[in-house]
Amino acid sequence: MLEVKITEDIRIGGKNPCFIIAEVGQNHQGDIEVAKKLIKAAKDAGANCVKFQKTCLNEKFTKKYLEKPYDSPNSWGKTYGEHKRHLEFSESQYRELFKYAQEVGILFTASAMDMVSFDFLVNIKVPFIKIGSGDSNNLLFLKYAASKKIPLIISTGMVDKQAVKTIYDIIAAQHKQFCLLHCISAYPVPFEDCNLTVLQDYKNTFDIPVGYSGQEVGTAVALGAIALGAKVLEKHITLDKGLRGTDHVCSLTPTEFQQLVRDVRVIEASLGTPIKKVVTSEIPCIDKLQKSLVMGCTKNKGEILYPGDVKIKVAEPKGLNALHFEDVIYKTLVYDKKEDEPLNEGDFC
């Protein structure tokens, strides 16, 4: 598998640990101080990166869509445009957040929701740019993003496998410094719709790192994605799940996010190697519990060992490993052996 270089010290894929993104999205409620608290929370939780969403509203939406009434408990305005304008930070505020993240010591980036936003993020030199599922069918944007040859992480919600192949082909034609994330675009995602085994299909189909962007409640599904080989994990973070907005319900509090990171690292350590072998930590149990070959009765030198003459027990001292039972049967004793006495190599011929 190819590795994606994010910084001089951080790479995604191969034997590198999973790259964990704390997705703020718009859980900041349009308040830059809340945004800073979320950046600090992401750092303290152990995330590798904190991510926002950058939109030029007139590039992403038509005028009529922005003028559409938005009567919802999650609304920040009478129209969808008013709502989105409340939640969108200015370019200067993004620069302020970028600088704050550098001071805190965590990577900062954003999903570019349009070409103008993409160029802005390139200009402030984020380490990579996320392309969300909303643009998984936006071939013009994907071609534009690919042409800039900056590392990309691309979510693949709302499309089928053929469209994902198209996304891959468009970016790979320019470079292979990108990752594909399996994603289901619902808030929250019903567990039965998560379809985590898509990750295995992605791994078998594509020669780049793959990962998971999860909008389901809790952490169980995300941890399952790690066990299936996700090299990128994106989950939303919030200060309070009861706040206004559709994402909070499927977000993690800072404490929950910290536990997720710990659990991810435990799973990574536990995956180990596909080679089945005896490991060092098993030696005490081997010494205490593993069974040996012992005499089932007393027999003399020169007698043949028949199946009923040999038993398998936990012995002290240990004898031959019980796996050698068939190697001992019908062999001739070269020493006298008493009942319950361990059988050792050299006791028979």
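Proline 317 lies in the loop that runs between strand β12 (310–313) and helix α13 (325–328). In this predicted model, the peptide bond that joins glutamate 316 to proline 317 is cis, with an omega of about -5°. Another cis peptide bond leads from tyrosine 187 to proline 188, where omega is near 0°, and proline 188 is found in the loop between β8 (178–183) and α9.

A further backbone feature concerns lysine 125, which has a positive phi of about 70° although it is not a glycine. Lysine 125 also sits in a loop, namely the one between α6 (115–123) and β6 (129–131).

## The chain as a whole

The chain contains 13 helices and twelve strands, and it is divided into domain 1, covering residues 3–271, and domain 2, covering residues 280–342. The centres of domain 1 and domain 2, taken over C-alpha atoms, are separated by 61 Å.

The overall dimensions can be described in two ways. Along its principal axes, the C-alpha trace of the chain spans about 100 × 40 × 40 Å. The radius of gyration of the chain is 29 Å, whereas a compact globule of 349 residues would have one near 20 Å.

## Helices α1 and α5

Two packed helices are described by the angle between their axes and by the distance between those axes. For helix α1 (residues 32–45) and helix α5 (residues 91–104), the axes come within 10 Å and cross at roughly 30°. Because angles under 35 degrees count as roughly parallel, α1 is described as roughly parallel to α5. The crossing of α1 and α5 is right-handed.

On the α1 side, the residues that meet α5 are Ile32, Ala35, Lys36, Ile39, Lys40 and Lys43, and their partners in α5 are Gln93, Glu96, Leu97, Tyr100, Ala101 and Val104. Sorted by class, the residues of this contact between α1 and α5 divide into seven nonpolar, one polar and four charged.

## Helices α8 and α9

Helix α8 (residues 161–172) and helix α9 (residues 198–205) pack at an angle of about 40°, with their axes 12 Å apart. The helices α8 and α9 are therefore oblique to each other, and α8 passes α9 in a right-handed crossing.

The contact is made by Lys161, Val164 and Lys165 of α8 together with Asp201, Tyr202 and Thr205 of α9. By class, this contact of α8 with α9 has two nonpolar, one polar and three charged residues.

Conventions:
Residues are numbered from 1 along each chain as its sequence is written. This is a predicted model: local features need pLDDT of at least 70, side-chain atom pairs count only at pLDDT 80 or more; totals for chains, interfaces and linings use all residues. Side-chain values use heavy atoms; hydrogens and water are left out. Axes are lines fitted to C-alpha atoms, for helices over the stretch in contact, and angles run from 0 to 180 degrees between N-to-C directions. Helices (H or I, at least four residues) and strands (E, at least two) are DSSP runs, numbered from the N terminus. Angles under 35 degrees count as roughly parallel, over 145 as roughly antiparallel, 65 to 115 as roughly perpendicular and the rest as oblique. A crossing is left-handed if the near helix is turned anticlockwise from the far one by less than a right angle, and right-handed if clockwise. Contact means heavy atoms within 4.5 Å. Ala, Val, Leu, Ile, Met, Phe, Trp, Tyr, Cys and Pro count as nonpolar, Asp, Glu, Lys and Arg as charged, and the others, Gly among them, as polar. Domain bounds come from an automatic or database domain assignment. The radius of gyration is taken over C-alpha atoms; the globule rule is 2.2 Å times the number of residues to the power 0.38.
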